[in-house]
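Me: I am new to this structure and would like to understand what the terms used for it rest on. Could we go through them one by one?

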Amino acid sequence: MGVIQFKDVGKIFGPRDKGFVALKDIDLEIRDKEFMAIVGPSGCGKTTCLRMVAGFEDATDGVVSVDGTPIKRPGPDRAVVFQQFALFPWKSVYDNIDLGLRNLNVSSSERSKRIEAILNLMNLTQYAKHFPHQLSGGMQQRVAIARAYVLDPDVLLMDEPFGALDAQTRVVMQEELVRLARKNPRTVLFITHAVEEAVYLADRVAIMTRAPGQIKEVLDVASVRNAENWDSHEKIEDVMDLESFVHLRTHIWRSLREEKAAQHA
Amino acid sequence: MPRRISIGLATILVVCFLWLMATTVLGLIPSGRFPSPAETWSALVHVSGRGYGGGDLALHVYNSLRLVVMGFLFAIATGVPLGLLMGWSRRAEAFINPIFLIIRPIPPLAWIPLAILWLGLGDAAKIMVIWFSAFVPSVINTFAGVRNIDRPVLEAAYMLGMPKFRFVTEVLIPGASPMIFTGLRLSLQASWTTLVAAELVGAFYGIGRVLNVAQQDLYPGMILVGMVTVAILGWGTTRVLGLAEARALRWNTAALAAKG
């Protein structure tokens with residue numbers, strides 16, 4: 001299972017009365033095995049939402065829970081993929097992926113089986129003995145995704161994972177993530193400011209307001225995807241050409257532009 | 001032979017030639033001020049064979065090296081863990097830092113009189129002084145090394161549910177290791193400086209002892225032999241540390257090279 005729930009969640013950085021109000025009254029439920037993307041203007045607190053599920057930040061008000069249990073601290077049941085990869089530079093690709101499994105006391109035969117499978121799935125087999133710095137950014141993020149996926153977590157948290165990659169690599173990674181997520185569904189919370197990416201990857205997209213961040217709207221992409229059969233198209237650009245895709249994208253753009261305009265007003 | 005090494009050797013040869021010219025050939029420097037190559041050589045033969053200042057060269061070298069290694073190891077065995085603790089725990093830092101602020105400005109050499117008063121002229125006093133001087137750089141650099149670890153890397157470790165001991169050995173120590181080694185190098189330098197000073201003040205054996213006796217005997221050749229011996233020992237021990245560092249930090253040197 002992996003149901004993420006935000007209940008009346010607020011976050012204030014600094015003292016309660018005069019601190020910075022980052023989030024206000026967040027109510028959101030991410031269903032089991034659902035891919036939820038959160039988009040919003042920069043500084044709206046979307047990353048803070050993810051960090052609260054990860055256990056890196058406490059909620060000032062309300063409760064963030066997974067399967068009904070309020071979150072106290074970080075743990076391997078909620079694997080995180082960071083924007084800056086955050087691999088251990090002193091460990092090989094293999095050892096980076098292995099570390100979490102060792103912490104879970106998985107037997108060594110089981111570990112090598114799972115690591116080989118994920119290396120294979122992510123096209124990393126020939127790089128197993130490399131150190132992270134010997135790989136390109138896209139490759140490093142692949143390792144970070146493998147490190148998270150190999151734990152078989154209930155919940156996968158991705159904080160702008162492709163934000164640091166160049167445009168071409170980004171597209172390849174998006175296609176691969178779709179492949180991975182359809183084959184091996186997880187509850188995913190995906191933070192991004194790239195609208196296309198959110199529509200392409202997610203089952204639902206939550207749009208946030210500017211700070212103090214609130215959920216403005218939640219769009220159901222999955223029903224459109226299934227009705228229009230997006231998954232029959234292999235390439236991202238073919239999906240992006242579809243009228244139904246363009247329609248959703250434009251809707252989100254408008255919504256975000258309103259926020260941007262209000263910010264400057 | 002690589003170009004760099006041949007140029008370096010040529011430089012040394014030129015310096016030796018100028019030394020020979022200035023002392024023996026042209027007599028620009030009187031031998032009471034600075035020894036000629038021949039005088040230095042005879043001093044070396046003297047201390048290696050008959051011995052000087054209480055023992056032969058091997059005995060002096062052995063004693064100095066032994067004390068430096070012991071003091072240094074003692075310092076890093078205490079300093080690195082303390083630095084890790086301070087880097088990891090803000091509370092430990094809050095407790096320990098004030099002591100450091102008081103002790104740090106005291107030059108290590110200023111501890112020598114107190115050390116001799118407490119422990120006499122033997123090995124214990126010297127190890128204590130070396131420990132004091134080498135301790136501070138290892139603590140401070142280890143501390144800074146821990147604080148320099150990228151925050152997301154630490155968060156990744158928390159996310160992976162690291163047991164405490166493994167977190168220290170596989171994340172904190174390797175993450176801080178580039179700076180830990182900087183601290184070790186500074187500690188090693190401090191160890192040699194302090195040892196020679198401590199031996200100058202009072203010792204039965206050691207390179208500092210040789211220097212001290214040679215000064216009283218107005219024996220410039222022997223003084224130079226002592227100085228060069230310390231230089232070679234310092235260079236050698238630094239080199240050993242450098243090899244250990246290159247081994248331990250293979251990932252880092254390559255990472256720095258990759259960044260350009």
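**Terms and what they rest on**

Reply: The contact takes 19 residues from chain A and 17 residues from chain B, where two residues are in contact if their C-beta atoms, placed from the backbone, lie within 7 Å. This is a predicted model, in which local features need pLDDT of at least 70 and side-chain atom pairs count only at pLDDT 80 or more, while totals for chains, interfaces and linings use all residues. Residues are numbered from 1 along each chain as its sequence is written, and chains are lettered from A and ligands numbered from 1 in the order in which they are written.

Me: Which element of chain A gives the largest share of the side that touches chain B?

Reply: That share, three residues, comes from α2(A); β6 (78-81) and α2 (93-103) of chain A are the elements that give two or more residues to this side. Helices here are DSSP runs of H or I with at least four residues, strands are runs of E with at least two, and both are numbered from the N terminus.

Me: What makes α4 (residues 137-149) of chain A close to its expected span?

Reply: The expected span of a helix is 1.5 Å times one less than its number of residues. Helix α4(A) has 13 residues and reaches 18 Å from its first C-alpha to its last, which is close to the 18 Å expected.

Me: Why is α4(A) called mostly covered?

Reply: A residue is buried if 20 or more other C-beta atoms lie within 10 Å of its own, exposed if 12 or fewer, and partly exposed in between, with C-beta atoms placed from the backbone. Ten of the 13 residues of α4(A) are buried, so the helix is described as mostly covered. Among them are A:V143, A:I145 and A:Y149, and the buried residues pack against β6, α2, α3 (108-121), β7 (155-159) and α5 (167-183) of chain A.

Me: How do you know that β9(A) and β10 (residues 215-220) of chain A pair?

Reply: Two strands pair if DSSP finds at least two bridges between them. β9(A) and β10(A) have five bridges in the antiparallel sense, so they count as paired, and one of the bridge partners is A:L219 for A:V205. A hairpin of six residues joins these two strands. With β3 (residues 35-39) of chain A, β9(A) pairs in the parallel sense over four bridges.
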